[in-house]
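The following questions and answers go through one protein structure. Please look at the sequence and the model before reading on.

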Amino acid sequence: MYIKKTWHAGVTVEVKKTLSYRYGRQGAARACTIGGMTEAQEQINLRNAVDELRRILNENFMPGDMHAVFTYPQRQAPSVEEAARDRARLIRLLQAEYRRQGSELKRVAVTEYTHKRIHHHLVINKPPQGWGCVKRIWKELIAENYYTAMIDDVTRQDDYSFRAS
């Protein structure tokens with residue numbers, strides 16, 4: 001029997017049909033887990049995580065919103081804990097700035113640090129008074145170089161975030 005799942009996310013509608021032989025059967029129980037997670041199951045979990053992120057981005061963001069990459073200068077690279085504090089402070093300052101402008105901050109944040117220099121990815125909605133406040137806050141927070149990149153293709157963003165994390 002086919003199971004049809006439908007997701008409404010923003011202006012997109014996603015429909016997925018799957019086949020299940022266990023659906024609706026009396027007493028059909030799942031088998032016990034033996035051993036660890038297989039490579040195939042890890043791939044399925046990764047695909048499901050990418051799908052879920054895509055739905056979140058489609059629901060909460062629209063063209064004109066920004067994917068920003070915040071980096072640190074090479075000589076000023078922080079530890080993972082310091083970077084987590086910086087990210088939390090950045091989000092707190094952005095929320096305060098958005099409130100001052102009479103808006104609400106929507107965000108998705110990922111910090112990358114494995115096999116790369118530590119940096120933060122943020123997808124944020126457009127502030128009412130422009131992007132200058134975002135750059136100013138990061139520059140004040142780090143007091144050195146910063147880098148922001150615009151990516152408007154949501155699918156590329158969610159695939160990249162999960163592949164790199």
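Q: Which residues make the nonpolar surface patch of about 410 Å²?
A: This is a predicted model, in which local features need pLDDT of at least 70 and side-chain atom pairs count only at pLDDT 80 or more, while totals for chains, interfaces and linings use all residues. Residues are numbered from 1 along each chain as its sequence is written, and side-chain values use heavy atoms, with hydrogens and water left out. The patch of about 410 Å² is made by Y2, L19 and Y21.

Q: Is Y21 buried or exposed?
A: Y21 sits in the loop between β2 (12-19) and α1 (39-60). Buried means under 20% relative accessible area, exposed over 50%, and partly exposed in between (1.4 Å probe, protein chains only). The relative accessible area of Y21 is 63%, so Y21 is exposed.

Q: How far apart are the C-alpha atoms of R22 and M1?
A: R22 lies in the loop between β2 and α1, and with a relative accessible area of 47% it is partly exposed. R22 and M1 are 21 residues apart along the chain, and their C-alpha atoms are separated by 8.6 Å.

Q: What pattern does the protein follow along the sequence?
A: Helices (H or I, at least four residues) and strands (E, at least two) are DSSP runs, numbered from the N terminus. The protein has four helices and five strands. Read along the sequence, the pattern is β-β-α-β-α-β-β-α-α.

Q: How much of the accessible surface belongs to carbon and sulfur atoms?
A: Accessible areas come from the Shrake-Rupley method with a 1.4 Å probe, and for residues only the protein chains shown count as cover. Of the 165 residues of the protein, 33% count as buried. The accessible surface comes to about 11200 Å², and the part belonging to carbon and sulfur atoms is 51%.

Q: What separates R54 and D51 in helix α1?
A: R54 and D51 form a salt bridge, with the closest N and O atoms 3.1 Å apart. R54 counts as buried at 19% relative accessibility, and D51 counts as buried at 12%. Being three residues apart in the helix, R54 and D51 are separated by about one helical turn.

Q: Is R100 buried or exposed?
A: The side chains of E97 and R100 meet in a salt bridge (2.9 Å, N to O), and both residues lie in helix α2 (residues 80-100). E97 is buried, with a relative accessible area of 9%. At 62% relative accessibility, R100 counts as exposed.

Q: What phi does H115 have?
A: Most residues other than glycine have a negative phi. H115 lies in the loop between β4 (107-112) and β5, and at 84% relative accessibility it counts as exposed. Although H115 is not a glycine, its phi is positive, about 65°.

Q: Which side chain joins that of H119 in a polar contact of 3.2 Å?
A: A polar contact is a pair of N or O atoms within 3.5 Å; within protein, one must be able to donate a hydrogen and the other to accept it, and residues adjacent in sequence count only if both atoms are side-chain atoms. H119 is found in strand β5 (residues 119-124) and is buried, with a relative accessible area of 9%. A polar atom of its side chain lies 2.9 Å from the backbone oxygen of R117. The side chain in the contact of 3.2 Å is that of H121.

Terms used:
Patches are made of residues with over 30% relative accessible area and no salt bridge: like charges are joined within 9 Å, nonpolar side chains (Val, Leu, Ile, Met, Phe, Trp, Tyr) within 5 Å. A salt bridge is a side-chain nitrogen of Lys or Arg within 4 Å of a carboxyl oxygen of Asp or Glu.
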